[in-house]
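Here is a short briefing on a two-part topic: a chain interface and one residue site. Please view the structure first.

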There are 2 protein chains.
Amino acid sequence: MDKNKTSIQPINWQDDALFLLDQRRLPAELIWLEYDHPNDVAIAIKDMVVRGAPAIGITAAFGVVLAARQAWNVAGVNWKQAMTAPLARLAESRPTAVNLHWAIHRMTALYETLPDNESAEQVLLKEAQAIHAEDIAANHVMGKLGADLIDPKSTVLTHCNAGALATGGFGTALGVIRQGYADGKIVQVYADETRPWLQGSRLTAWELQQDNIPVTLQAEGAVAALMATGKLDWVIVGADRITANGDVANKIGTYMLAILAKYHGVRMMVVAPTSTIDWQLNSGDEIPIEQRPEYEVTMINGQQIAPEGVPALNPAFDVTPASLIAVIVTEAGVILSPSTEKMLKIKE
Amino acid sequence: MDKNKTSIQPINWQDDALFLLDQRRLPAELIWLEYDHPNDVAIAIKDMVVRGAPAIGITAAFGVVLAARQAWNVAGVNWKQAMTAPLARLAESRPTAVNLHWAIHRMTALYETLPDNESAEQVLLKEAQAIHAEDIAANHVMGKLGADLIDPKSTVLTHCNAGALATGGFGTALGVIRQGYADGKIVQVYADETRPWLQGSRLTAWELQQDNIPVTLQAEGAVAALMATGKLDWVIVGADRITANGDVANKIGTYMLAILAKYHGVRMMVVAPTSTIDWQLNSGDEIPIEQRPEYEVTMINGQQIAPEGVPALNPAFDVTPASLIAVIVTEAGVILSPSTEKMLKIKE
């Protein structure tokens, strides 16, 4: 296998059904779940069978294909009307990642041009597959653009999982890391374990281990001490939503990393496809932040770790202001010291 | 029970033996372990049956009592010589907390004045009990001094467990919080879960819940977003070692909190008895930082959470420079904006 490729593919369409690699079971077990109903896809997104903003978008696109099949079977020529409910469920499955809405919108814009009197399944399937393929291609472009910014033999830290598992394949932050490692730009990766869901321990460490890229785990609380040693050159993360001014919503803890990076003179790189940019929102204050169940904090793997009845905060994301970000890398180009003006150039 | 008292006592001497509340099993089970051999006490400290700098010091003092009994039984008039090995084991059990060395030194200084031809057990027991009682008294003094600095109806955040379980009883940081809550200064406490050992979830949440003080848990990664809301007034933590210039070694993650607090204009309070001050060290750079086993990061409750073979950093402590600390509270007085000069005034 090429050093800058990965064979990990979390989303697969096969035999007229959608297959998702169950990310809740990793790294202990590799289990594929099969979906042929759009409402089950919405539940899979909500329950985090699949997670990561680009992967959620691609999954939702295949969910629209399943919705179209079901709508045609049930409602015939009224199939477009029958799409409303399942698409609303898909759209509501996770509130923060904008790629979900972007993908549903792209699929909807297409099927509204199609005739009422035939099944749209095959046309929509091609579109979903195009979204999937374009995402992987964008990851490879971003991988090169991001790696080009990094000096040889650098050490980087990443948070959560913005890897092959979070995208169509290859990854956003981990795409830059894969490319950077292949190019000799990166020699060591530190991964935050990323409480409460432990995406760093369970997914990122696993992905990088599969590709033989040196990775060391640490709790979020240990990051500041690691930065104080002067070892880190970059923090590289993905994004769930980027606003028109360059503010970034990403996994809870990202804002903490940005402040610590600024304090220690470490540069902060955000890697995300343009489908992550929400041009409707002027700043991060307007981004809805998903609050997830308290038991994700008070229990681990079904075991109670806190006393019964203690409340817990569990915001899934936080917002990092553009002023703390050194560079945003998209497939359309890089934005150094992001601002509304510089973001607009990427839009054009 | 008085609002500003607590009945939690992690260390008890009873029926000629030392009993420790096994903090590894909390909050699921309340189990007391009995010790009558100093080497087993050293293992208990190393394995974190008991933890928290003041509690470790008190436990070590009782360990010296057990060592004296054993030495007299085995070596008779040569008992002082027979103390060397068990005391070395106690001293080496954890490297960062200086209270351990302080307590052993105080016990040693006493027994060196005692005659060779009789058992020192009862005299040393009285000294260990005095250390224990003085620690609780110091906690109450610090509780009042710290609470006096806090405005009414404040919201505070604490890290790890610097409570009754970390001391003789009542607590350092949690002593201030108990007193502050009783006085109407504090209305809400946020507790970091404190990975990897989860002292916040397992111990602090349990202690505060026992005393009906409102406590909400969150992962360390969520603290910056909490601070950004403007809700927090103080971060209140304990210390494992304070150097002559006011630098503070404390549970990993404390340095992160200090940077985030500074960035958001939240004040940082460190609460520790003077036995925590190491006057021999000029700055925090000289403090030895304990590295604990990697499995504390890669496993939780015996379950593997990371892929097999992935390395992990697990420093137990970090160092916060005095410049990030608003105030150090000791039983001898408070030190605002700590410096070498101001620290010396407390010494005198």
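Buried means under 20% relative accessible area, exposed over 50%, and partly exposed in between (1.4 Å probe, protein chains only). At 0% relative accessibility, A:Ala173 therefore counts as buried. The model is predicted: local features need pLDDT of at least 70, side-chain atom pairs count only at pLDDT 80 or more, and totals for chains, interfaces and linings use all residues. Residues are numbered from 1 along each chain as its sequence is written, chains are lettered from A in the order in which they are written, and side-chain values use heavy atoms, without hydrogens and water.

**Site of A:Ala173**
- A:Ala173 lies in helix H7 (residues 173-182) of chain A; helices are DSSP runs of H or I, at least four residues, and strands are runs of E, at least two, numbered from the N terminus.
- Setting aside residues up to four places away in sequence, A:Ala173 touches A:Thr158, A:Ala162, A:Ile236, A:Val237, A:Gly238 and A:Val271 (contact: heavy atoms within 4.5 Å).
- Its C-alpha atom is 6.4 Å from that of A:Gly163, 10 residues apart along the chain.

**Interface of chains A and B**
- Contacts join 47 residues of chain B to 47 residues of chain A.
- The rule finds 2 salt bridges across the interface (a side-chain nitrogen of Lys or Arg within 4 Å of a carboxyl oxygen of Asp or Glu).
- A:Glu193 forms a salt bridge with B:Arg195, with the closest N and O atoms 2.6 Å apart.
- On the side of chain B that touches chain A, elements giving two or more residues include helix H8 (199-210) and strand S6 (215-218).
- H10(B) gives the largest share of that side, 6 residues.
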